[in-house]
Structure formats: structure tokens, C-alpha cells
Amino acid sequence: MINIDLTGKVALVTGSTRGIGHAIALTLAECGARVAIVGRDAAKAEDVAAQIGGGALGFGCDVSVPAEVTALVAAVEERCGSLDILVNNAGITRDNLMLRIKDEDWDAVINANLRSAFVATRAASRGMMKRRWGRIINITSVVGLMGNKGQTNYAASKAGLIGLTKSVARELASRNILCNAVAPGFIETDMTAAMAPEARTAMSQEIPLERLGSPSDVARAVAFLSSDSASYITGQVLVVDGGLAM
Ligand code: NAI
């Protein structure tokens with residue numbers, strides 16, 4: 001339990017039916033926010049929302065389809081009465097060496113990871129501007145800072161999120177809307193479970209804190225950036241990686 005009060009705030013977290021997004025939604029709910037759980041499967045999102053409680057609602061949305069994202073933001077605002085905290089977390093990988101990446105794998109990753117965040121931010125910022133309060137938090141990756149062999153599409157999408165974050169931070173600062181990014185390192189989720197055991201061991205040895213992170217390590221950083229304690233922080237990338245990328 002962390003000592004952050006988000007009572008009265010509505011938070012939308014994309015890709016929150018599992019992994020890091022689920023931990024973020026749970027933590028924001030523990031801090032008192034009403035959360036909108038989003039996954040491609042509406043029934044699953046509703047189940048997760050019911051488990052979280054606190055007025056959480058579930059929504060189905062494929063974030064790589066712009067019209068669905070715009071409709072999602074409208075639905076959350078209508079059903080929850082507001083949208084104060086937007087966490088663009090949903091993301092995918094389609095890893096391959098650069099020479100072997102197909103156009104469709106490039107487009108799929110850019111659309112799911114980067115365009116989705118732009119469309120959600122554009123839609124959500126209108127209400128935030130009217131209310132003169134907002135928090136937009138983009139989940140990028142250390143790979144967006146460092147690059148990675150076999151992940152040109154993913155790294156480009158995550159680096160793009162950092163440019164989006166800083167530009168949105170500059171455009172919306174005068175309306176008291178803060179936009180920051182959180183860059184996780186290697187976190188124990190389904191995404192990293194797919195790695196070969198030798199690759200996991202090799203990776204852990206590169207991390208100064210000598211362990212993979214947990215989804216809640218990332219969630220606590222998001223809760224802090226959502227809170228009034230972070231009210232003078234915008235346009236930043238908070239790296240949560242056990243020291244890997246420093
Ligand atoms: P995950 O694969 O466990 O969960 C991703 C979530 O996003 C799932 O709920 C999935 O259904 C959802 N999602 C994916 N595409 C979607 C779409 N088109 N529409 C709606 N929902 C969609 O992944 P994980 O590990 O929890 O990652 C969450 C975020 O953190 C991603 O953006 C990822 O790139 C980022 N990240 C993860 C790291 C890790 O080590 N696990 C490290 C750095 C960043």
C-alpha cells in the first residue's frame with residue numbers, strides 16, 4: 001500500500017487485463033482512483049474490473065484502431081463522468097532482425113504502441129483542458145533509450161513515445177496537464193516470460209540490482225507521477241530498471 005491519494009480521479013489504463021497495465025490499474029485503485037480497465041476482450045476487461053472493485057469498469061478496445069480509441073475515451077468520460085489520468089500502456093512486440101522485419105510487422109508495432117497513444121492523448125486532452133487538470137503517462141521502455149538488436153520496430157515505437165511525451169508536455173503545460181513517460185527495464189510479465197532462460201540469466205547479470213523488476217515496481221512510479229506530489233514534473237522519462245540503462 002502506498003500513501004498517495006487519488007480519490008475522485010478517473011484513470012484509464014490501456015492493456016490493463018494483465019501484466020504491467022493490470023498492476024498499474026490495481027495500484028491506482030488502491031490509491032482511490034476509479035479505473036477503466038481496457039483490453040481487446042470486453043468480457044475479460046469486465047471480469048478484471050469486477051475483481052478490482054472501487055467502481056472500476058471494463059471496456060473492450062483494440063488500441064491499434066483509431067476509431068475504437070476515440071470511442072473508448074468518449075465511453076469512459078460518459079460512464080465515469082471524467083477522465084483525469086490516462087496511462088498509455090498497451091504494447092506489443094514483433095521481434096526480428098531488421099532485414100527480416102516485414103512491413104506489416106513494422107506497422108502493427110507502431111500502430112499498437114505509438115499511434116494508439118497519440119490518438120488516446122488527443123481525445124482525452126480535450127476534457128482535461130476544460131477541467132484544467134490532467135496526467136498523461138506513456139509506458140515506454142529502456143529499449144527506446146538504448147536500442148536493441150532484433151527490436152528496431154519496437155525501439156522506434158518506444159523512442160517515438162518519448163518524443164510524443166515531451167511535445168505534449170510542452171503543448172499542454174499551460175493547462176495544468178502533465179505528460180511524462182515511464183521506461184521499465186526487464187519486468188517479470190508474459191512479455192519477458194517468452195525469453196530463453198539463458199537470455200534471462202544474461203540479462204539479470206547486466207542489472208545492477210541483480211533482479212528483474214516486478215509490475216508493481218512500475219505501477220508505483222505511475223502512481224507517483226499521477227499524484228499531486230509530482231505537480232512540478234513534466235516531459236520527463238522516469239526509468240524503472242534496477243540501474244540497467246544508466
Ligand atoms: P503484456 O503482453 O503482458 O501485456 C500487454 C497488454 O496490452 C495486454 O493486456 C494486451 O492484451 C494489451 N494489448 C496489446 N495490444 C493491444 C491492442 N491492440 N489493443 C488493446 N490491448 C492490447 O505486456 P507487459 O509486459 O505487461 O507490457 C506492458 C507495457 O510495458 C508495454 O507497452 C510494454 O512494451 C512495456 N514494457 C514492458 C517491459 C517488460 O519487461 N515486460 C519492459 C519495458 C516496457
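Student: Let's start with arginine 135: is it buried or exposed?
Tutor: Keep in mind that this is a predicted model. In it, arginine 135 is buried, with a relative accessible area of 2%. The cut-off for calling a residue buried is under 20%.

Student: Which strand is arginine 135 found in?
Tutor: Arginine 135 belongs to strand β5, which covers residues 134-139.

Student: And what does the side chain of arginine 135 reach?
Tutor: One thing is the backbone oxygen of leucine 225, at 3.3 Å. There's also the backbone oxygen of serine 227, which lies 3.2 Å from a polar atom of the arginine 135 side chain.

Student: What else is arginine 135 in contact with, leaving aside its neighbours within four places in sequence?
Tutor: Its contacts include Asp84, Ile85 and Leu86, along with Met128, Asn176 and Asp228.

Student: OK, zooming out. How many strands form the sheet, and in what order?
Tutor: Seven strands make an open sheet, ordered β3-β2-β1-β4-β5-β6-β7, and the pairing is parallel. β3 and β7 (237-240) stand at the edges with a single partner strand each, so one side of each has no neighbour in the sheet. From one strand to the next, the twist averages 20°.

Student: What holds paired strands together, in general?
Tutor: Strands of a sheet pair through backbone hydrogen bonds, and they can do that either parallel or antiparallel.

Student: How many bridges are there between β1 and β2?
Tutor: β1 and β2 pair over four bridges, in the parallel sense. Leucine 12 has alanine 36 in β2 as its bridge partner, and alanine 11 has valine 35 in β2.

Student: How many of the residues of β2 are buried?
Tutor: Five of its six residues are buried, so β2 is mostly covered.

Student: Which strands does helix α1 lie across?
Tutor: Helix α1 (residues 19-30) lies across β1, β2, β4 (85-88), β5 and β6 (177-184). It runs at about 175° to β1. Helix α3 packs on the sheet too, touching β1, β2 and β3, and its direction makes about 160° with that of β3.

Student: Tell me about α3, then. How many residues does it have?
Tutor: Helix α3 has 15 residues, 66-80. From its first C-alpha to its last it reaches 21 Å, close to the 21 Å expected at 1.5 Å a residue.

Student: Which residues of α3 are buried?
Tutor: The buried ones are Val69, Leu72, Val73, Val76 and Cys80. Looking down the axis of α3, they fall within an arc of 95°, so they line one face of the helix.

Student: What do those buried residues pack against, and what's on the face turned away from them?
Tutor: They pack against β1 (10-13), β2 (34-39), β3 (57-60) and α4 (103-131). The face turned away from the buried side carries the exposed residues Ala67 and Glu78.

Student: What follows α3?
Tutor: Glycine 81 does, and its phi is positive, near 85°.

Student: Last one: where is phenylalanine 59 found, and is it buried or exposed?
Tutor: Phenylalanine 59 is found in strand β3. It's buried, with a relative accessible area of 6%.

Student: What does phenylalanine 59 touch, not counting residues up to four places away in sequence?
Tutor: Among them are Ala36, Ile37 and Val38, as well as Leu72, Ala75, Val76 and Arg79. Leu72 and Val76 are also among the buried residues of α3.

Conventions:
Residues numbered from 1 in each chain as written. Predicted model: local features only at pLDDT ≥ 70, side-chain atom pairs only at ≥ 80, totals over all residues. Heavy atoms only, no water. Helix = DSSP H or I, 4+ residues; strand = E, 2+ residues; numbered from the N terminus. Buried < 20%, exposed > 50% of the residue type's maximum accessible area, 1.4 Å probe, protein only. Polar contact = N/O pair within 3.5 Å; in protein donor to acceptor, adjacent residues only side chain to side chain. Contact = heavy atoms within 4.5 Å. Expected span 1.5 Å × (residues − 1). Arc of directions from axis to C-beta. Pairing = 2+ DSSP bridges. Axes fitted to C-alpha atoms, helices over the stretch in contact; angles between N-to-C directions.
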